[in-house]
Every structure is written in structure tokens, then in C-alpha cells.
Amino acid sequence: MPYIMVDIESDGPIPGDFSMISFGAVLVNEKLDQTFYGQLAPISEKYISEALAVSGFSREETKTFKEPKIVMAEFKTWIETVCGKDRPILISDNNGFDSMFIAWYFHHFIGTNPFGHSSQNLGSLFKGMEKDMFKNFKHLRVTKHTHHPVDDAKGNAEALLTMKKELGLKIRW
């Protein structure tokens, strides 16, 4: 089962009322050389300036992005290409947030979610491995956390690779 590390940027806290602005995905393997990046036009007039600012884009810039249905179809095709017939697993730093947007957008615009109804949380996995709810995995990243979603997904995937190589996580890809 292939793991796809995902990171999203949005202009608010929930999908539907607010918009996913961009997202990045990395197929977790030793090379981390298969990535996807999508920029999506807003689906709502509502946005929170501070949330949008994290993405690095202005509202006017986001209005020039592709329609979400097109981007989600491209993402689904990418997932099918890199995963073949295996069911992909969405994993992220904050899967409660990231997977909520990805699932909503897939179901709303495509009618199905290739990831199904579950996802994995990288931070919770690390806390469990360390048996300490106060531990944080972020020191295991190599790629700087820039709020560009591909950079952030890649850094999180690097942390997962380190958890396998150095901490003994039993995982395969």
C-alpha cells in the first residue's frame, strides 16, 4: 500500500465555506522523486486574510488558478499512475486538516476519493513510537518547512523515512 504524503494550504478552516488554495503530494519512497502540485481557484467568496497569507498568494492571484474539478482530476490521475492498482494511503502532518480538505474536494468535484475514508497522522505515529505525547517529529525533516506544500510534504516524507531507517518503524513501500 503506497503512502502519499500530503500538505495543503487554504484560506480558512473548513472546506466548502472556504477554499483549498494549493496542495502538494509526494509518493513516499527512498527517492521522493514523484510529486504533485496543484493550485486551485477559490470556490467561495469567503476567506480569512491571515489564513490566505500563509499560502503566499493574494486573493487576486488565486482567482487565476485552475478550476478545482480539473486539478482534482489531475491529482486522481497522478495517484493512479504512481500507485498502480494498490490502494494509496494519505498521510500528513495534520491529517485532520489536510485530509478533510482533500476528501471534501475529491467527493465534491470528482465523486470519489482514491484514499477512501481513512488517513494517517505523522505526528501521532511519532508520538506513539516515542511513547511520549509531548514529542515532536519536526526535527527529522531535512527540507525546510516553507509553506509551499510540496516542500512541506517532502520534509514530512523525509521524517517518515528517518522513522523507518533510524527508529525501526516497520513500513514498506
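**Close-up views of salt bridges and a buried serine**

**View 1. Lys76 is partly exposed, with a relative accessible area of 23%.** The model is predicted, so that local features are given only where pLDDT is at least 70 and side-chain atom pairs only at pLDDT 80 or more, while totals for chains, interfaces and linings use all residues. Residues are numbered from 1 along each chain as its sequence is written, and side-chain values use heavy atoms, with hydrogens and water left out. The side chain of Lys76 meets that of Glu80 in a salt bridge, with N and O 2.6 Å apart (a side-chain nitrogen of Lys or Arg within 4 Å of a carboxyl oxygen of Asp or Glu). Both residues belong to helix α3 (residues 68-83), where a spacing of 4 residues separates them by about one helical turn (helices are DSSP runs of H or I with at least four residues, strands runs of E with at least two, numbered from the N terminus). Glu80 is likewise partly exposed, at 41% (buried is under 20% relative accessible area, exposed over 50% and partly exposed in between, for a 1.4 Å probe and protein chains only).

**View 2. A salt bridge joins the side chains of Glu30 and Lys165.** The N to O distance in this pair is 3.2 Å. Glu30 lies in the loop between β2 and β3 (35-39) and Lys165 in helix α6 (residues 149-165), so the pair ties together parts that are 135 residues apart in sequence. Lys165 is exposed, with a relative accessibility of 56%, whereas Glu30 is partly exposed, at 46%.

**View 3. A network of salt bridges links Asp93, Lys138 and Arg141.** Asp93 counts as buried, at 18% relative accessibility, while Lys138, at 38%, counts as partly exposed. A search of the whole structure finds 7 salt bridges.

**View 4. Ser19 is buried, with a relative accessibility of 0%.** The residue is placed in the loop between β1 and β2 (20-27), and its side chain reaches the backbone nitrogen of Ile43 at 2.9 Å. When neighbours within four places in sequence are set aside, Ser19 is in contact with Ser10, Asp11, Pro42, Ile43, Ser44, Phe101 and Tyr105 (contact being heavy atoms within 4.5 Å).

Conventions. Polar contact = N/O pair within 3.5 Å; in protein donor to acceptor, adjacent residues only side chain to side chain.
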